[in-house]
Amino acid sequence: MTSRRRAPSANGPKTPARQILPDSPPPQQSPLTSPEELKITVSSSKWLKVLSLSSLLLLPYAYLLFFHLKIDAEIKRSILINAALSFAGFLFTLRLIPVASRYVIRRNLFGFDINKKGTPQGKIKVPESLGIVVGIVFLVVAILFQHFNFTSDSLWLVEYNAALASICFMILLGFVDDVLDVPWRVKLVLPFIAALPLLMAYAGHTTVVIPKPLIPYVGLEVLDLGWIYKLYMVLLTVFCTNSINIHAGINGLEVGQTVVIASAILIHNVMQIGAATDNSENQQAHAFSIYLVQPLLATSLALLSYNWYPSSVFVGDTYTYFAGMTMAVVGILGHYSETLIIFFIPQVLNFILSLPQLAKIIPCPRHRLPSFDPQTGLLTGTWDGTLVNFSLKFCGSMSEQSLCIFLLALQAIACGFCFLLRWLLAGWYK
């Protein structure tokens, strides 16, 4: 969360150049005022933390893919090609973020870290909206992958392109939000607009499987919801995009929660592919999900290298909308939206806590952040309704980095609970 300063309008009134008298001292310029002097690098400590997190999350996926499960050779080949392109996207994102940072600073698209106010770090101009880099690289990787996996008559090609169109639309609208800072009532409408390509191209089923304990009461095993199902699709995209956007405010949280959820999605997808007995539509749907989530995870890890505490860049609404829309799209087209919602349990809790302020029942400040003590460097929870503040109230004051690790651990526990729940209910619930 940032306190943002805007670039002056290119068509606005121009002020005359200030004349400096000969005996007056030259004006002092901040070392970060000049974009050419901006140096953004990833420290070795950040590399170690990001590498540890990625290894912890990706090792189970790699083990299931290569050793534990029997995956169809053709699907495994496509997954590995996608992984190679995703790794290239990771490297490109690492390289492009410092370049893009100089450009956004030049356009005065920067912010100050409010959670470091009163310290030297709180006075540094931090480049804003670097999620645009991640979104662009993701789209390039996803489009290039079509050459290796789809033909002109592929059954999934239309929905794949519709998914990319919705994601691209959301990236654009997110960047517009970063630049224009649109109000909340407009933010709620943006995912409706971005979901239109997906809704228009969706040709999948609109049915839901009735849980086995309810079949005697409903009298049906499968219920066709028709247009209600498409309404549910739209509402899911609205929730996913905005839930990541409001569960934010500390360095690394927005990208970190995306990395954890994306890793859980990959594990779930590969487990479902391995459980399928033949090359069924369900198997293809989960492979489709992997083709979009691997580039999301790779590019997000690159961004996390710069956004981890202390953050060198801010991700902006561009990233949170992009990440939320991508996960909503794969949940819908992969037909596991129920599982996705359980992965989002912390976001659901944060939304419930935020609802009174979002609905204007109680006053809602612009930044619902914890209180920072520059003397101790610790954050203290306020009475604003967010999971961040609730965690601080429950656990006590802690540093920003420790708070982020705690919240990401909570996210991982929620994902683990989802897998446990699916295992316990297997064969009984559905």
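Is Ser54 buried or exposed? Ser54 is buried, because its relative accessible area is 11%, and buried means under 20%. The legends below describe views of a predicted model.

**View 1. The whole protein chain.**
The predicted chain contains 16 helices and seven strands. Its radius of gyration is 23 Å, close to the 22 Å that the globule rule gives for 430 residues, so the chain is as compact as a globular protein of that length. Taken along the principal axes, the C-alpha atoms fill a box of roughly 90 × 45 × 40 Å. Of the 430 residues, 50% are buried. When contacts between residues at least 6 apart in sequence are considered, 77% of them join residues at least 24 apart.

**View 2. Ser54 in helix H1.**
Helix H1 covers residues 44-68, and Ser54 lies in this helix. Between Ser54 and Tyr160 the separation is 106 residues in sequence. In space, the two residues are 27 Å apart, C-alpha to C-alpha.

**View 3. Helices H4 and H12 packed against each other.**
H4 (residues 157-180) and H12 (residues 316-333) pack at an angle of about 160°, and their axes are 7 Å apart. Because an angle over 145 degrees counts as roughly antiparallel, H4 is roughly antiparallel to H12. The crossing of H4 past H12 is right-handed. On the H4 side, the residues in contact include Ala163, Ile167, Met170, Ile171 and Phe175. On the H12 side, they include Tyr321, Phe322, Met325, Val329 and Leu333. The contact residues of the two helices divide into ten nonpolar, five polar and four charged.

Most peptide bonds are trans. The bond from Tyr309 to Pro310 is cis, with omega near -10°. Pro310 sits in the loop between helix H11 (281-307) and H12.

**View 4. Asn108, with a positive phi.**
Most residues other than glycine have a negative phi. In Asn108, phi is positive, near 60°. The loop that holds Asn108 runs between helix H2 (73-106) and strand S2 (110-113). With a relative accessibility of 26%, Asn108 counts as partly exposed.

Asp181 is found in the loop between H4 and helix H5 (184-187). Phi of Asp181 is near 55°, a positive value in a residue other than glycine. The relative accessible area of Asp181 is 29%, so this residue is partly exposed.

Methods:
Residues numbered from 1 in each chain as written. Predicted model: local features only at pLDDT ≥ 70, side-chain atom pairs only at ≥ 80, totals over all residues. Heavy atoms only, no water. Axes fitted to C-alpha atoms, helices over the stretch in contact; angles between N-to-C directions. Helix = DSSP H or I, 4+ residues; strand = E, 2+ residues; numbered from the N terminus. Parallel < 35°, antiparallel > 145°, perpendicular 65-115°, else oblique. Left-handed = near helix turned anticlockwise from the far one by under 90°. Contact = heavy atoms within 4.5 Å. Nonpolar A, V, L, I, M, F, W, Y, C, P; charged D, E, K, R; others polar. Rg over C-alpha atoms; globule rule 2.2 N^0.38 Å. Buried < 20%, exposed > 50% of the residue type's maximum accessible area, 1.4 Å probe, protein only.
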